[in-house]
Amino acid sequence: MRTILITAVVALCAAVAVPATAHKGGKHKGHKPDVIALPNGFQPEGITTGKRHTFFAGSRATGAIYKGSLRSGKGAILVEGGAGRAATGIKLDRFKRLWVSGAGSKAIRVYDSRTGDEIRSYPVPEAGFINDNVVTRQGVYFTDSNVQQLYFVPIGKKGALGELQRIPITGDFVYGAGFNANGIEKAKGGKTLILVKSSDPGKLYTADAATGVTKEIALDKPVTNGDGLLRKGRKLYVVLNRDNIVRELRLSKDLSSATTVRDITRAEFDTPTTIARSGGRNYVVNAKFASASPATDTYQVVKVPKK
């Protein structure tokens, strides 16, 4: 997820239902739409999925959260946005809570995914750009693209929320100019994390979840503009946002290297940022960073082609 200059707050307080847009033969029983419309001006960046084909998308402009159906394409605003708020990375935990990275708003927020009520807010006064997050059995980890550290909130028994912790990023991953740690994924039962560095040349790293010590993953191609990550077994999907590509990589068993399997694209991609999986299919959200009129433009969730 790239840093975005937000010049105006978009009014997204009304719970507006948005119809699906179907492609490739139209909509029929059992067919999920390939493209799903979000509210005009929404300016999404993060996406996550839940049970019964549900998805959630966050607005980088206002912090609003949209809840919709991947099956019907319909949905509505779950969390109203507001001035001084932002939502980039968004993930759903097993207790039906949404964890939201606050971008430049210097906060992490937790919401009830059923009611939209805010459960807790974690101020992070020293944050630069709280970008993406990943949920593990131990808790939730967050990247900061401008400050060389991870943020961690432990999850205790029966879902008890712990206090915010800072984990310095050390080892091979050294921050430089531009955008640094962006997308984050888990591996090895959450004991290891995978981080992507967006700036040129884009790189991948493993990080010890407890210590923050990183090791570079050897790649056959750089992942410049790397954004959201999604791992399924030894497959790792990396969204290359400004290239309109989802790159599929194959990780080595020890996570020391990864090789490119293929680059996936489709005409409907328009600066996809993060990626989520539901019902055996992957979905991305179009952020449209280059839009000339972001406050009124159209935005979409797009199904990633299988081949």
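Predicted model: local features only at pLDDT ≥ 70, side-chain atom pairs only at ≥ 80, totals over all residues.

Residues are numbered from 1 along each chain as its sequence is written, and side-chain values use heavy atoms, with hydrogens and water left out.

Strands are DSSP runs (E, at least two residues), numbered from the N terminus, and two of them pair if DSSP finds at least two bridges between them. S5 (residues 65–69) has 4 of its 5 residues buried, so the rest of the structure largely encloses it; buried means under 20% relative accessible area, with a 1.4 Å probe and protein chains only.

| Pair | Bridges | Direction |
|---|---|---|
| S4 (residues 54–59) and S5 | 5 bridges | antiparallel |
| S5 and S6 (residues 75–79) | 4 bridges | antiparallel |

S4 and S5 form a hairpin with 5 residues between them, and glycine 63 in that turn has a positive phi of about 80 degrees. S5 and S6 form a hairpin too, with 5 residues between them; its turn holds glycine 73, with a positive phi of about 80 degrees.

What about S4 and the largest pocket? Among the elements that give two or more residues to the lining of the largest pocket are S4 and strand S3 (44–49).

How values were computed
Buried < 20%, exposed > 50% of the residue type's maximum accessible area, 1.4 Å probe, protein only.
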